[in-house]
Structures are given as C-alpha cells and as structure tokens.
Amino acid sequence: MKNWTFTDRDETLADELRSRLPEVVFDAHAHLLRKSDAPQPPAGIWADGPAEIDTAVWRSHLEKQVGKNRLAGGLLIPSPGCTKAPERIAAANAYVFERIAGDPNLKGLALVAPQLTPEVYEPLLENAQFAGFKPYHVFSDHSPTFQAPLSSYLPEWAWRMAHRHGLVITLHMVRDAALADPDNLREICHYCRAYPNARLILAHAARGFHAPNTVNGIAALRGLANVWFDSSAICEPEALKAILEAFGPRRLMWGTDFPVSQIRGRCVTVGDGFAWLQPDSVLWEKTGPQGRPTLVGIESLRALLTATDALGLNAGDLEDIFADNARRLLGLIHESGTQTQDMYRHAKTRIPGGTQLLSKRPEMFAPDQWPAYFREARGCEVWDLDGRRYEDLSINGIGACLLGFRDPDVTRAVQRRLTLGAMSSLNPPEEVELADLLCEIHPWAEQVRFARCGGEMCAVATRIARATTDRSLIAICGYHGWQDWYLAANLGENDALRGHLLPGLNPLGVPRELRGSALTFHDRASLEELLDRHGDQLAAIIMEPCRSQDPEPGFLECARVGARRVGALLIFDEITIGWRLACGGAHLKFGVNPDMAVFAKALGNGHPMAAVIGTRAAMAGAHDSFISSTYWTESVGPAAALATVRKMQTMDLPTHLARVGAHVLELWTEHGRRHGLPVSAGGHPCLAHFSFEHEQADVLRTLYTQLMLDRGFLAGTKLYATLAHTESVIERYGQAIDAVFAQIAGILANGSDIADHLRGPVAHAGFRRLSR
C-alpha cells in the first residue's frame, strides 16, 4: 500500500471509470517540482516521488488512471515549499516554465507572494504559456497561516494585473470554514467584482474537503461571472454536486492536484472537519480483504462522475468538465460565438415561425442579436449556447418563473417526483393535494380541474361554462390564448375585417362558422351594451381582472352583477396577473369573487401546470362534457405547483415584486429625465413597462435592447419582476440604464439616423390586447 504505485486492483477500478470519460481530458490543476529547489527536504507525497516531478512524470502516472493518449494538456503549477524567500519562489516558477516550454497544450501559473512586486512578473507577460497566478497561505505573515485572510497572501496588485491581462488566479483558500467563512466570501466577492476581467479558480471545489463548507457557502457566489472551480483531490461528490447545481457544468473543471493524486487513500468529511485516510492512519487490516485504499486520483474521478450522474449530465457536459471548460478559459480552444444565432437561422427553416411562442421570437426584441436559446438558467441569470451570461431584466420566462429560474425548492420537488416516477397507469396524488390547497387559498372555490398550459386551460374553462349553462356565446376582455374559441373574436363581421379587432392575432384557420361566437368588450359601457344585446345567449364572461393598472372603479363589480343577471358565469383569467398582486388571484385584492378562475404560468414556476377553480355549481358541466388528456395526468406539474404555492405562502412576494418594479420604474423615469429622453413609464410595478414617446419608438426600443445586450442584460421595455431580482441586480441594471440612456441621448443629439446604429433589423411589434 505505497504511494506512487499502481496495482492490479487500481487498474480494475480505473478501468471501470475510463469507459465513462470523454476521449480527451485536460488537467486543470497539477504540480511540478524539482526537489533541489526546495529549502528543506520535501515531506509526504513529495518525498516519496522522483527527484524531478516534471511533465513526463505527470503524464506517465496520470495516463495509468485516465487511459493512454487521453491526457491532452494541463495547467501546471509550481510547488510552494514552505519559504517566503524570493529566490526560492523564482526558482520554482522558472522550473515550471522550463518544463512546459514549447508545448502549446500546456499552460503555467506562477507563485505569487505579497513579498514580491508586479515588476517581477512583467517578463512573464511576454510568455504565451503564462496563464496567471497561484497564491499560497504559507506566504502570509499571519499566524497560523491556515487562518490567514485572503488579502494577506494574495496582493491586490496581482488582482489588478490579472484584470488588466485577463489572467487566471487559482486559489486554495484557508480558514476552518473555507467557503462558508464570511470573511472569505466577503473578500472573494469584493475582488471579483472590483476586477471582473480576472478569472478566479477556486481550487479543490472551493476547498470542499469538508463538503458542507462548499454546500453552505456556494450560494453567496452566485452572480459572479468570473469564478470557476476545479475538482482536484476532492474524493466525495457532495461539494462537486453543490457547485454543479449553483454554477452548472460550464464552471467546473477536472483537476488532479498531481502528485496528491498519487497518494493512496482518500479525504473524507468528518464531524465539522475532514480527515485523510491513508495507509498509516487507518487499521486497514481490520477492514476486510476489500478494504484497501486506492489512489486519490481514482477516488476523485469517481466522486466527480458520481456528482455528474446525480444531475443527469450528458456526454457534452462531461467534455466540458473534463477538458473544454479549462481549454476555453485558458484560450486553448476558440468557439465561433455564433452557435446561438446559427441554430435560430436553421430553426426558421425547420420550425414554422422559428419558435413555439410568439413572445419568445428574437424578432420581438432585437432581430439577429437577441439570443433565441439558453443553455442554462438560474435565478435571473441566463446563458446562451455560446456561453454568454445575461441577467434577465425582461420577461423572465413570459411571467412563468415568479420565484426565478430553477428555484431550488421547486427543483427539489420535481427531482423527487422524477426519481419516484413521473407517469404511470394510475393518477398522481399531488393533484388532489393541489386542488385542496387552491381551494383553501380561495375559499369561494369548491372544485378544480387541471391542464398544463394557460391557453388550453381557458379553453377548458369556457367549455365547462358552455356545458354548465347550455349556451354558446362567450364575452371576452383580455388575452386568453390561441385556440379557435378565442380567436373567433377576431374574425370580424366579414372576411374583409378578419384580424382587424386584435392586430397581430391572425385568425386564419379559424372556421368562419365561429363568427359571432366570441364577443369583445373593453370597459363598463361596452360590457353593459353586450349584456343588453346578448345576455340570454351568453355562457360566460371571461376577463383579466387587471393587467397594467387597476380596473376602473366598479368594472369588476359590474361584470359580477351583470353575469348573474343574465345567467352567465364570470371567469377571471389570472394566468398572468395571478400571484403578483396577492397570494392567489388579483381578484382577492379587489374583493370580487368570480364563478371560475384560471391559473397557469407562475403556478408551476417554469414547469407546465394550469388550473381552473370554481364553485360547485359553475363546474357542474365538467362532469358531463368530454374534457380529457393523457398528459394532464403526469405528476411533475402538480409537484412543482405544490412546491411553488407553498413557498409563496411563506413570504410576502407581492410586496417584494412591487418594491422591485417601483424601483425600476423610478430608474427609467429618472434617467430618462436626466438625459432628456422622451420616456414614459407606468403599469403595475410587478409588470412594469416604459415606452419612448418618439416617432421612431420601435427603432429606439430595438437600440435600447441592443445596448443592454452589450452590457450583459436581457432587457426590453417591460419587466416581469421576480423573487430573484435582488437589490444588487437592480443596482447593476440601474447603472446600465444610465449608461444606455446616455448613449441614446447622444445619438439623438447629433441628429444621425437612429437606425444606422442598429446591428440588425428593427424589432417587430406585438399584438394589441383588449384589457388595460
């Protein structure tokens, strides 16, 4: 059981893992050492190895673990020794760059210490293989160094140099709590934000040898766009899994910590710390014939693969983690940067309209610029296929993700349901729990039916109303989907007027025979006229209780009283506004109870789920009318909705949304005024919007979006506020608004053609709604 050996048993274990590795791997954390450079005889794994641990030794040992010809390159780091002597540091650095010289697939880091000056490293900037810095706590004057604050061993001039030249800093942090230490977190966040072009690699899964430290601290780093992690010497999957959940598969890199990878043993979480199980620290003879340690490199490989399996990552993700993330970071591979736009150009030849939802077409924002596709989404962060990161200050999933993208509590509920099985020949019990919960929140409601999206749920609601009343006509006020029953309202009185009432909602394909079956109104007077003319034929009034502003006084009450007077049902469409003004429907805020209410979008927080709730009398038609669909019986949607609603019940979400939206409305208004722009902002803060009062409003809107994309924001002229929009996010957005409005003001002031400043066509207009 010696270090630096490779036994038949090691080969068996390694062979099981090799079949799961990509064809190419890149070691993002390995050390080289010439023992003669050390101030005193090396100890431990360093003492057991050869006199020179160079690239040939590194390759020969690692290829035994990962497979011959698989190791494509690496990021090589000097061994620090235990001295602050500048000449020793210089010798260690020089050895690494001597050993990697001439190999284009190898990059090196230089030891950096507070005792040195930037001038020492200036010559290295001319070396194409120089990638950045490696600080070590042993260079700190703090005692003991394992409790040293970050700034005591990583000088700020190194951050400045890394920022100026786009260099890497690989950090082995210390202090007992590692990433969970408040001072470590504070310093990391401060320096990463102060020097955004520096690329920080948090080594050893953010020093996750005690896994809970990384698990508990990782969330505080969210939003930092210049942080990566390596997996070196981590032998348990928990810290790696936490990183993947918080940062995704494009920020984690496989590393070995060679020659630590040649230690026979593993590191494990124990109590509030960790322990290395090595040949001399465990009574292995008492563990049985199979209880013999393998190499740390093999244990670490297994832990990383276990973590990726737990998240269901695919072969492409593994290629990123084991090679391409590091190679991209170090400039060893370059991508076109056009993958997102290329895919959309192809999609338009394969998918009519390009996308499944009009509101997600890039042409609605900034044609040829807005990213059509996302690779990852968390909170309000979105990454496109080219790896560009954006903060979403726009439609946030068209209002479907009120808690933010990939909310951890909702995701946990969905993962549980997927683990247990999402579909069977029986029905999901979650739908009964959800029905009870919705009726508890809305005491006037007694029964519930479910679907999986808002449009079909409105179709179900109107079908139920027609079945309950045995009448045909529907009165509408608002947007209620794409189905024939609704678009019939846009058929007009004859073919010449088809599509005239609701511009942008083309009823082509809707049978002419449905003309007159859906009648529109937009205020109290038009509703009363409609009731007088068609009341005895009316099955239902369906309307959004409000959208961009509160309903006019008495409007909802008029609908309530009028529906009862003519024997029709009142349906509130809460698909968009629901949960934003009150926990439940907006009608709860206004004190007007409908006969039925429809919910979708935010109900599942990004997972397909929709519901219609109603009184027993109103829902009577659902017993007899045929309303049925296979995928209404899967269990992920109800599980997600239960988690979503229960989480919303624990907080005052409407107040948060109102505060966020009000702040953004203020930013649009104030910066618009300060820069002399014709900006008009308004709407409910939870659905805030602004417009340019200008003859070229659409051009200005497109330009605003283009300039925001340049600054890392998905932003148009409306904001669907979410729980993920924190004060810091809005502060950054405010700074971007100020800068973008200043640019636009400058363009207007110089009298040039605004369209000349666009890098693509002008954005399309949307469709017009009836509701206000």
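1. Start with helix 13 (residues 408-420) and helix 20. Their axes lie 8 Å apart, and the two helices pack at an angle of about 150°. Angles over 145 degrees count as roughly antiparallel, and helix 13 and helix 20 are therefore roughly antiparallel to each other. Their crossing is right-handed. On the helix 13 side, the contact is made by Asp 409, Val 410, Ala 413, Val 414, Arg 417 and Leu 418. Helix 20 brings Val 636, Ala 639, Ala 640, Ala 643, Thr 644 and Lys 647. Please keep in mind throughout that this is a predicted model.

2. Helix 20 also has helix 14 as a partner. The axes of helix 14 (residues 430-441) and helix 20 (residues 636-649) come within 9 Å and cross at roughly 30°. That makes helix 14 roughly parallel to helix 20, because angles under 35 degrees fall in that class. The crossing of helix 14 past helix 20 is left-handed. From helix 14 come Glu 430, Glu 431, Glu 433, Leu 434, Leu 437, Glu 440 and Ile 441. They meet Pro 638, Ala 639, Ala 641, Leu 642, Val 645, Arg 646 and Gln 649 in helix 20. Ala 639 is listed in the contact with helix 13 and in the contact with helix 14.

3. Now the overall picture. The protein has 772 residues, and buried residues make up 56% of them. Its secondary structure comes to 23 helices and 25 strands. The C-alpha trace spans about 100 × 70 × 50 Å along its principal axes. Take the contacts between residues at least 6 apart in sequence: 74% of these join residues at least 24 apart.

4. A further helix pair is worth a look. Helix 9 (residues 237-247) packs against helix 10 (residues 296-310) at an angle of about 45°, with the axes 8 Å apart. That makes helix 9 oblique to helix 10. The crossing of these two helices is right-handed. Helix 9 makes the contact through Pro 237, Leu 240, Lys 241 and Leu 244. Helix 10 answers with Ala 303, Leu 304, Thr 306, Ala 307, Thr 308 and Ala 310.

5. Next, the aromatic rings. The structure holds 27 aromatic pairs. One of them joins Tyr 479 and Tyr 486: the centres are 5.9 Å apart, the planes stand at 85°, and the pair is edge-to-face. Tyr 486 counts as buried, because its value is 1%. The cut-off for buried is under 20%.

6. A second pair is formed by Tyr 704 and Phe 741. This one is tilted, at 5.7 Å centre to centre and 50° between the planes. The pair links distant parts of the chain. Tyr 704 belongs to helix 22 (residues 697-710) and Phe 741 to helix 23 (residues 727-749), 37 residues apart. Both Tyr 704 and Phe 741 are buried.

7. Rings also gather in a cluster. Ring pairs link Phe 97, Tyr 121, Phe 130, Phe 133 and Trp 157. Elsewhere, charged ends sit over rings. The charged end of Lys 134 is over the ring of Tyr 136, 3.7 Å from the ring centre. The charged end of Arg 251 is over the ring of Trp 228, 4.1 Å from the ring centre.

8. Arg 711 deserves a check. Where does Arg 711 lie? It is in the loop between helix 22 and strand 24 (713-714). Arg 711 counts as partly exposed, because its relative accessible area is 34%. Setting aside neighbours within four places in sequence, Arg 711 is in contact with Ala 736, Ala 739, Val 740 and Gln 743. Arg 711 and Asn 325 are 386 residues apart in sequence, and their C-alpha atoms are 23 Å apart in space.

9. Last, Asn 184. This residue is found in helix 6 (residues 182-194). Asn 184 counts as buried, because its relative accessible area is 1%. Which residues does Asn 184 touch, not counting those up to four places away in sequence? They are Met 173, Val 174, Arg 175 and Ala 178.

Key
Residues numbered from 1 in each chain as written. Predicted model: local features only at pLDDT ≥ 70, side-chain atom pairs only at ≥ 80, totals over all residues. Heavy atoms only, no water. Phe/Tyr/Trp six-rings, centres within 6.5 Å; stacked < 30°, edge-to-face > 60°. Buried < 20%, exposed > 50% of the residue type's maximum accessible area, 1.4 Å probe, protein only. Helix = DSSP H or I, 4+ residues; strand = E, 2+ residues; numbered from the N terminus. Lys NZ or Arg CZ within 6 Å of the ring centre and 35° of its normal. Axes fitted to C-alpha atoms, helices over the stretch in contact; angles between N-to-C directions. Parallel < 35°, antiparallel > 145°, perpendicular 65-115°, else oblique. Left-handed = near helix turned anticlockwise from the far one by under 90°. Contact = heavy atoms within 4.5 Å.
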